[in-house]
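Dear colleague,

I am handing over a structure to you with this email, and below it I describe what was found in it. Please keep the structure open while you read.

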Amino acid sequence: MERLCVILLLVSKTFIVNAQFNGFNCDANFHSRFPAERDISVYCGVQTITLKINFCPVLFSGYTDTDLALNGRHGDAHCRGFINNNTFPTVVLFSISLSTLEACGNSLVVSTAQGPNAYGNLSLVQIGNIAGYIDTPDPPTVISYLPGLLYKFSCSYPLEYLVNNTQLASSAAAISVKDSNGTFVSTLNLLLYNDSTYVHHLAIPVSGLTLKTRVFAAVKATNLDRRWNVLMDYCYTTPSGNPNDELRYDLFFGCDKDPQTTVFENGKSQMGRFSFEVFRFVKHKNQKMSTVFLHCVTKLCRSDDCPLLLPICGKRKKRNVSERTAVASDNAVMTAGPIITRSDETPTNNSQLAQLNSPPFKMNSVTSALISAIAILAVMSICFFILSLSLLRGKYTPPTPLSGTHNPAFS
């Protein structure tokens with residue numbers, strides 16, 4: 001009889017649990033428990049933060065999906081999640097837009113610290129941290145037999161990115177950043193233009209750009225919340241598509257700037273603008289084409305903080321060249337390429353050097369005939385002179401001494 005009661009108790013308990021999970025993709029053998037840390041998944045996206053909560057332990061604890069809300073905002077329907085029953089196990093999804101993250105009480109804290117940037121150069125680096133929680137409401141009674149549920153989450157976003165553009169033929173390199181790496185921007189463009197109006201994109205000829213052609217570049221962010229501005233920290237070039245190439249030429253970093261580079265706008269909007277004159281790398285000597293790859297280490301800064309991140313020229317510590325080999329993590333690295341320049345060089349000897357700066361001499365048919373006639377007359381005159389000398393030498397006979405008897409009258 002006792003054995004029968006135990007069996008009936010187990011069957012009734014199983015029936016109650018199955019009834020509790022009825023209609024949802026839950027397994028009573030695995031989900032008949034209270035929530036644990038592994039029951040929440042956080043995806044730090046480029047435009048939204050997505051939270052997934054295992055709904056089965058929530059049901060086992062005696063709650064429903066409407067009892068879960070962001071940061072205690074249980075009275076606001078926009079701060080609640082929605083059930084996705086097309087997965088196993090069933091989950092409750094929360095989507096937090098980065099443009100309106102404060103609407104449900106999420107916090108954004110930006111910390112600034114002195115440290116190395118993507119290539120070891122000392123700079124002010126910022127990190128944005130978004131944090132919040134999901135909980136269940138407290139009952140209106142003094143005591144409760146239901147456990148209070150609390151899920152905490154946070155996303156850390158390094159506000160520095162490495163943007164590469166090396167494809168001048170298309171004048172743009174669209175950068176798509178993966179959703180899982182915790183970046184604020186979905187697309188960064190390094191665009192190239194013909195002039196300072198920044199209207200017409202640069203078109204590169206098949207033969208390459210002529211040396212000293214001025215190129216206008218812009219780093220632009222799209223799908224980015226308005227609270228953030230673009231700050232170009234370090235722009236440089238390499239002869240290869242590898243941004244870690246040991247051979248590089250800096251365009252600007254802080255107060256250090258190439259004489260042929262001009263920075264028009266930086267840290268004031270969601271676009272940074274500068275220009276430079278194209279050149280060739282000496283390692284490409286004896287080549288008709290030279291490849292130049294352009295890279296920019298770009299930060300995002302809040303509009304109020306950007307002026308504080310700009311360098312104070314004359315007081316900044318000079319960078320150590322040996323530190324440039326260190327590469328910091330958490331940087332989105334993108335590459336395309338190459339920029340092609342035309343060297344316009346031809347082999348010369350000493351006799352040609354004096355004529356390089358003079359205009360080329362072009363002969364017409366009359367001039368060519370006159371020069372030919374003069375040359376023929378000169379050759380004929382030389383031949384006539386040589387022939388005359390030969391004839392004169394043939395007719396001349398040297399005098400011979402007289403022979404005979406001496407005349408005494410001449411004595």
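Let me begin with strand β20, where the bridge partner of Ser290 is Thr341. Strands here are DSSP runs of E with at least two residues, numbered from the N terminus, and two strands count as paired if DSSP finds at least two bridges between them. Before going further, please note that this is a predicted model, in which local features need pLDDT of at least 70 and side-chain atom pairs count only at pLDDT 80 or more, while totals for chains, interfaces and linings use all residues. Residues are numbered from 1 along each chain as its sequence is written, and side-chain values use heavy atoms, with hydrogens and water left out.

Strand β20 covers residues 339-342, and it pairs with strand β19 (residues 289-302) in the antiparallel sense over 4 bridges. Strand β20 also pairs with strand β12 (residues 209-210), in the parallel sense and over 2 bridges, and there Thr210 stands opposite Arg342. Buried means under 20% relative accessible area, exposed means over 50%, and partly exposed lies in between, with a 1.4 Å probe and protein chains only.

Elsewhere, 4 strands form an open sheet in the order β1-β2-β5-β4, and their pairing is antiparallel. The edge strands are β1 (40-44) and β4, each of which pairs on one side only.

Leaving aside residues up to four places away in sequence, Ile83 touches Phe24, Phe55, Asp65, Thr90, Val91 and Val92, where contact means heavy atoms within 4.5 Å.

Finally, the largest nonpolar core has 60 residues, among which Leu70, Phe274 and Leu294 touch the most other members. Such a core is a set of buried Ala, Val, Leu, Ile, Met, Phe, Trp, Tyr and Cys residues joined through side-chain atoms within 4.5 Å. Domain 1 (35-139 + 146-158) and domain 2 (184-311 + 328-342) both give residues to this core, so it lies between them; the domain bounds come from an automatic or database domain assignment.

With best wishes
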